[in-house]
Amino acid sequence: MDAFVCTTLASRIVFGAGKIAQTADEIRRLGLSQALVLATPQQEAEAKTLSAQLGDLAVGIFAGAVMHTPVEVTEHAVDCYRQTKADCVVSLGGGSTTGLGKAIALRTGAPQIVLPTTYAGSEVTPILGQTENGLKTTLRGPEILPEVVIYDPELTYSLPIGISLTSGLNAMAHAAEGLYAQDRNPVSTLMAREGLRAMIEALPVLRALPTDSHARETALYGSWLCGTVLGNVGMSLHHKLCHTLGGSLDLPHAETHAVLLPHTIAYVEQAVPELLAPLAALVGGRAGTGLWDFSANLGAPMRLADLGMQEADLDPMVELAMANPYWCPRPLEAAPLRALLQRAFSGRRPE
């Protein structure tokens, strides 16, 4: 067995249908009493319902979370946090809302309770990606990790199938990169395998029957595992490209992950096929092409061109990605990376 170092980070996980009702108890368990509820504009109604359920424990709502966590939005949210004299945040939503809660916590020390409504998985990572002046950067530290995550599958029952599939593929990207992470360890690898298995089992069922409660539970379980992998190991090429394209071109986060995943995995697979063998076995054939076929069969987005990227963006994005690269088991070279993005732009199957 190879030598390894395993540093585990853990939030308190509360999992089960109807567990949203335990939110007030979790606030009190932390010794807190003044929660600011966070949401996107699209989920403001749900935030108001949760705030009403919390009663005197809720001191306000900030329903302004947006994709890629722009610094200017965070500054407005921090002002709201301080003006309401809140002592914690309750983040109800997907990656955008979770990111805002993390950004507030980084600046104020606010404890976080997260109620995920998608399969993003970022709620169990000590990682914050934020955007300023068209550039997305990532920060990592224990102060960013939420204290409590309440996984209530009922919150995902009404999640549109398109978002269900793309956020599920986003979660899978966390685990797939964990299989070949520079600092991987036996625990992270076990969690990555099980998280990928759960998502690959659940997503085709959800596509056929979005209301299937068992598939919803399985997908949420898988997203927790996949996110936990990302929280305990380093990121690589896939996340670098997603951050570069998302922050610079304002592409939709989950959809960008979904489109790029087969291509980035195929790129890395040429260097370390043995590390990606567990994923290849789950999708059949090779990991990269198997993922492409899996995504295509789901009806997921397959082309960066459909997400708002222009062909003229390809060369600048290659330059940005190589300017400050993340570690990768296959050396980054401009020509193969340009070919990767061209295939993802056009929707062609990885070679």
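Tutor: Let us begin with the annotations: UniProt positions follow the numbering used here, feature names are shortened, and an annotation may be inferred rather than shown by experiment. Keep in mind as well that this is a predicted model.

Student: Which residues does the UniProt annotation "domain: Alcohol dehydrogenase iron-type/glycerol dehydrogenase GldA" cover?
Tutor: According to UniProt, in an unreviewed entry, that annotation covers residues 11–153. In the model this span is 31% helix and 28% strand, and its end C-alpha atoms lie 18 Å apart.

Student: And where does UniProt place "domain: Fe-containing alcohol dehydrogenase-like C-terminal"?
Tutor: The record, again an unreviewed entry, puts that feature at residues 166–344. Here the span is 71% helix and 0% strand, with 15 Å between its end C-alpha atoms.

Student: What makes up the division of the protein chain into domains?
Tutor: There is domain 1 (12–156) and domain 2 (161–346). Their bounds come from an automatic or database domain assignment. Taken over C-alpha atoms, the centres of domain 1 and domain 2 are 25 Å apart.

Student: How many residues of domain 1 are in contact with domain 2?
Tutor: 22 residues of domain 1 are in contact with 33 residues of domain 2. Contact here means heavy atoms within 4.5 Å.

Student: Where does the largest pocket lie in relation to domain 1 and domain 2, and how do you know that?
Tutor: Both domain 1 (12–156) and domain 2 (161–346) give residues to the lining of the largest pocket, so the pocket lies between them. Its space comes to about 1,000 Å³. The lining holds 48 residues, with Gly 94, Gly 95, Ser 96, Thr 118 and Ala 120 nearest the centre. Among the elements that give two or more residues to this lining are strand S4 (88–93), helix H5 (161–179) and helix H8 (237–249).

Student: Which element gives the most to the lining of the largest pocket?
Tutor: That is H4, with six residues.

Student: What makes a lining residue of the largest pocket count as nonpolar, polar or charged?
Tutor: Asp, Glu, Lys and Arg count as charged, and Gly is among the polar residues. On that scheme the lining divides into 16 nonpolar, 27 polar and five charged residues.

Student: What is the volume of the second largest pocket?
Tutor: The second largest pocket has about 340 Å³. It is lined by 15 residues, and those nearest its centre are Asp 2, Arg 184, Asn 185, Pro 186 and Thr 189. Helix H6 (residues 186–208) gives the most to this lining, with four residues. The lining of the second largest pocket divides into eight nonpolar, three polar and four charged residues.

Student: H6 makes me think of Ser 188. Does it count as buried or exposed, and how do you know that?
Tutor: Ser 188, which is in helix H6, has 4% relative accessibility. Buried means under 20%, so Ser 188 counts as buried. Beyond its neighbours within four places in sequence, Ser 188 is in contact with Val 229 and Val 233.

Student: Why does Thr 244 count as buried?
Tutor: The same cut-off of under 20% applies, and Thr 244 is at 8% relative accessibility, so it counts as buried. Thr 244 lies in helix H8. Apart from neighbours within four places in sequence, Thr 244 is in contact with Leu 249, Met 317, Leu 320 and Ala 321.

Student: What makes the phi of Lys 85 worth a remark?
Tutor: Most residues other than glycine have a negative phi. Lys 85 is not a glycine, yet its phi is positive, about 60°. Thr 69 has a positive phi too, near 50°. Thr 69 sits in the loop between strand S3 (58–62) and H3, and at 6% relative accessibility it counts as buried.

Conventions: Residues numbered from 1 in each chain as written. Predicted model: local features only at pLDDT ≥ 70, side-chain atom pairs only at ≥ 80, totals over all residues. Heavy atoms only, no water. 1 Å grid on protein atoms, 1.4 Å probe; cavity = no way out; pocket = protein on both sides within 12 Å on 5 of 7 lines; lining within 4 Å. Points joined across faces, edges and corners; volume = space filled by probe spheres on them. Buried < 20%, exposed > 50% of the residue type's maximum accessible area, 1.4 Å probe, protein only.
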